[in-house]
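Subject: Model handover

Hello,

Here is the structure I promised. Please look it over, then read the notes below.

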Amino acid sequence: MTSSNVTLVAPVKGVVVPLADVPDPVFAEGTLGQGIALDPLGGCLHAPCAGEVIQCARTHHAFTIKSDEGVEVLVHLGLDTVALEGKGIEPCVSLGQRIEAGEPLCYFDVDQLVREAVSLVTPLVVLDAGGRDWVSLDLRAGDIVQRGDPLVVLGPERLADDVTDEEGSDGQVLERSLVLAIESGLHARPAARLRAIARDHQVSLSLLRDARTASSDSVSALMNLGLECGDEVVIRVKGRQAEAALAAAMALLTTPEGHGPGQAEAATSPPAPSVDLPAGQLAGLVASAGIATGPLATLSVKLPEVPLE
């Protein structure tokens with residue numbers, strides 16, 4: 001049986017932003033996976049492929065779709081929009097719903113999100129490629145794509161390597177109960193960091209809440225636990241480096257902003273401007289290079305008169 005390419009289309013008309021240029025390290029460093037981002041030029045996000053909605057953020061800012069080919073793709077409206085608690089966003093789909101490519105995922109109030117969110121730059125990230133390789137498209141920063149244009153192409157499914165997975169096959173099993181301190185709950189950023197901790201330490205890591213269990217292998221499964229700040233959860237780690245992995249995961253989940261020790265303050269406080277500004281001027285941080293249009297005008301400046309003496 002052979003498989004063909006999987007094409008993910010643009011969920012909204014927008015300006016192309018390479019994932020490495022997204023002003024959020026979890027996206028920019030590829031912690032969640034490979035992807036691309038758009039600076040939206042519209043007020044509705046659409047499904048990039050046909051499949052099943054396997055994750056809907058409580059705050060309506062993020063959706064994960066599992067395509068018919070088994071590819072899991074995350075569409076994340078803006079940056080730090082989880083802090084808006086759903087304000088200005090109207091979801092159009094629900095968990096478990098079957099959707100077709102191009103169907104609306106959510107409508108959003110552009111003006112409100114521009115005023116209140118860190119950025120409207122919207123990443124599209126492949127959480128699980130299903131054994132497929134990334135195929136580069138001829139897209140550059142600043143290009144404008146229309147909704148429905150090809151945005152990401154994944155090649156045919158590779159044959160599984162005949163390798164025994166020894167991750168967590170031996171070593172100790174550790175469990176700890178904790179109270180989640182991340183103010184916005186277990187959303188995409190801390191879920192991705194949990195997955196990275198498990199991979200870096202080569203352990204099996206999972207979270208248990210009531211009768212539900214989610215493995216760190218699946219970011220969407222972790223988010224679907226619906227954990228909010230103050231919820232009690234059990235973390236289970238198995239493997240040779242279980243103790244170190246457990247310590248790292250505990251530090252992540254019990255830090256208010258979920259950035260890990262020493263990173264919370266830096267992540268929430270923008271750097272101070274390096275130059276003195278005149279009164280009435282404010283320094284800003286570039287979230288997206290963006291585009292500008294308008295008539296071309298010639299600026300002429302009269303030269304000052306210099307006395308001959």
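Two strands pair if DSSP finds at least two bridges between them. Helices (H or I, at least four residues) and strands (E, at least two) are DSSP runs, numbered from the N terminus.

This is a predicted model: local features need pLDDT of at least 70, side-chain atom pairs count only at pLDDT 80 or more, and totals for chains, interfaces and linings use all residues. Residues are numbered from 1 along each chain as its sequence is written, and side-chain values use heavy atoms, with hydrogens and water left out.

**Open sheet**

Three strands make an open sheet, in the order β1-β14-β12, with antiparallel pairing. β1 (6-9) and β12 (132-135) are the edge strands; each has a single partner, so one side of each has no neighbour in the sheet. From one strand to the next, the twist averages 25°. β12 pairs with β14 (residues 150-157) over 3 bridges, in the antiparallel sense. Arg 132 has Glu 157 of β14 as its bridge partner.

**Overall**

The protein chain holds 6 helices and 18 strands. It has 309 residues, of which 42% count as buried. Buried means under 20% relative accessible area, exposed over 50%, and partly exposed in between (1.4 Å probe, protein chains only). A contact means heavy atoms within 4.5 Å. Among contacts with a separation of 6 or more, 74% join residues 24 or more positions apart.

**Cores**

A nonpolar core is a set of buried Ala, Val, Leu, Ile, Met, Phe, Trp, Tyr and Cys residues joined through side-chain atoms within 4.5 Å. The largest one has 43 residues; Leu 32, Leu 194, Leu 207, Ile 235 and Leu 253 touch the most other members. Elements giving two or more residues to this core include α1 (25-28), β11 (122-128), β15 (172-179), β16 (204-209), β18 (232-239) and α5 (242-253). A second, separate core has 33 residues, including Val 75, Ile 99, Cys 106 and Val 145.

Leu 253 deserves a look. Leaving out residues up to four places away in sequence, its contacts include Leu 178, Ile 182, Leu 186, Leu 194, Leu 207 and Ile 235.

**Helix α3**

α3 has 14 residues and reaches 20 Å from its first C-alpha to its last. That is close to the 20 Å expected at 1.5 Å a residue, where the expected span is 1.5 Å times one less than the number of residues. The helix is largely enclosed by the rest of the structure, because 11 of its 14 residues are buried. Among them are Arg 189, Arg 193, Leu 194, Arg 195 and His 201. The buried residues pack against α1, β7, β11, β16, α4 and α5. Gln 202 follows α3, with a positive phi near 55°.

**Positive phi in a loop**

Most residues other than glycine have a negative phi. Asp 80 has a phi near 55°, and it is found in the loop between β7 (72-76) and β8 (89-91). Glu 85 lies in the loop between β7 and β8 and has a phi near 55°. Asp 80 counts as partly exposed because its relative accessibility is 30%. Glu 85 is partly exposed at 45%.

**Confidence**

pLDDT is the predictor's confidence in each residue, from 0 to 100. The chain mean is 83, and 84% of residues reach 70 or more. Residues 162-168 fall below 50, with 9 contacts beyond near neighbours in sequence. Residues 258-273 stay under 50, with 18 contacts beyond four places in sequence. Where pLDDT is low, the predicted coordinates should not be read in detail.

Best wishes

Notes
Axes fitted to C-alpha atoms, helices over the stretch in contact; angles between N-to-C directions.
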